[in-house]
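Thanks, everyone. I have a few minutes on one structure, so please look at it first and then I will go through some parts of it.

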Amino acid sequence: MTNTQLRIISATVLALIFAIALAFGKSGVLILLFVTGLILIDEFIVKMFKLKRISFNYIASVFSFVGAMVYLQFIDNSSEYFSYFIQTGLALNLAFLVYLFFEKMESRIFVSFLKSNAFIIGLYFLAPLVSILYLINKDDWMNFIVLMFVINFSVDTGAWFFGRKFGNKKIWPTVSPKKTINGAIGGSIFSLIVSSIFSYTVFNKLNLQIISFIFLLTVFAQLGDFFESKLKRQIGVKDSSNLIPGHGGIYDRVDSLIFIAPLYAIMIWNFY
């Protein structure tokens, strides 16, 4: 079996898991969200940083993540709390972009900071996953969740197709040697078209502001890929784990989704 066939099968299984979660309603998506967060923490601390599960860093990360998610979903889900986390997530992303573009590959200051303070990893994933939690508490939550996945994964699909068919010039080989300029442009255009059609068909909403936001999200999704690629190269790992055949780990699959979640929540907050 080729790597491409393996990736297609794995992607199909992941899509099926997502569909099953949706079929079980909010409870199914909540469980999927909690499990995803715990796996992301495990991949980061154990698989990538090679730290132990029975440690302060691991336990603190898990408890901070679970505690905050439980509080926001079941105890006090006031909009002001969601607003705080969404804005915090956006601020973190801007800080990550500073790291991505301005820290030299050989520096590793950011990676060293994360490893030395791995107890904050739970909080690292909290803001974007709370942004998704905010969507689950909206009236039209299912369509909002689906639109977010459409935006994100159509970028991947478009970039993969255009990169293979028309890509030749690498966009940033020192960070991600396989990504091409044509792939990046094709991914954004493809996602913009598909997502705009979805928004107009399902929500009967499409204007210049929404189109601009969707395009910005397609760019952020690809920046999320670059962010994770740089992290992995500085840490010295190929994948976040080997959980998903052909794809690597969960973080390898949802890195861009994690990156766009706060900005996507802001779009929903203002325009839907």
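One definition before the details: angles under 35 degrees count as roughly parallel, over 145 as roughly antiparallel, 65 to 115 as roughly perpendicular, and the rest as oblique. Keep in mind that this is a predicted model.

Let me start with a pair of helices. Two packed helices are described by the angle between their axes and the distance between the axes. Here the pair is α2, residues 25–48, and α10, residues 250–271. Their axes come within 10 Å and cross at roughly 120 degrees, so α2 and α10 are oblique to each other. The crossing is left-handed.

Which residues make the contact? From α2 they are Thr-36, Ile-39, Leu-40, Glu-43, Phe-44 and Met-48, and from α10 they are Ile-250, Tyr-251, Val-254 and Ile-258. By type, that contact has 8 nonpolar residues, 1 polar and 1 charged.

Now the core. The largest nonpolar core holds 78 residues, and Phe-44, Phe-125, Leu-231 and Tyr-264 have the most contacts inside it. Helix α10 supplies the largest share of this core, with 14 residues.

Take Tyr-264 from that list. Apart from neighbours within four places in sequence, Tyr-264 touches Leu-135, Phe-144, Leu-147, Met-148, Ile-151 and Leu-217.

Last, Phe-74, in helix α3, residues 56–75. Is Phe-74 buried or exposed? Exposed means over 50% relative accessible area, and Phe-74 is at 57%, so it counts as exposed.

Definitions and conventions
Residues are numbered from 1 along each chain as its sequence is written. This is a predicted model: local features need pLDDT of at least 70, side-chain atom pairs count only at pLDDT 80 or more; totals for chains, interfaces and linings use all residues. Side-chain values use heavy atoms; hydrogens and water are left out. A nonpolar core is a set of buried Ala, Val, Leu, Ile, Met, Phe, Trp, Tyr and Cys residues joined through side-chain atoms within 4.5 Å. Buried means under 20% relative accessible area, exposed over 50%, partly exposed in between (1.4 Å probe, protein chains only). Helices (H or I, at least four residues) and strands (E, at least two) are DSSP runs, numbered from the N terminus. Contact means heavy atoms within 4.5 Å. Axes are lines fitted to C-alpha atoms, for helices over the stretch in contact, and angles run from 0 to 180 degrees between N-to-C directions. A crossing is left-handed if the near helix is turned anticlockwise from the far one by less than a right angle, and right-handed if clockwise. Ala, Val, Leu, Ile, Met, Phe, Trp, Tyr, Cys and Pro count as nonpolar, Asp, Glu, Lys and Arg as charged, and the others, Gly among them, as polar.
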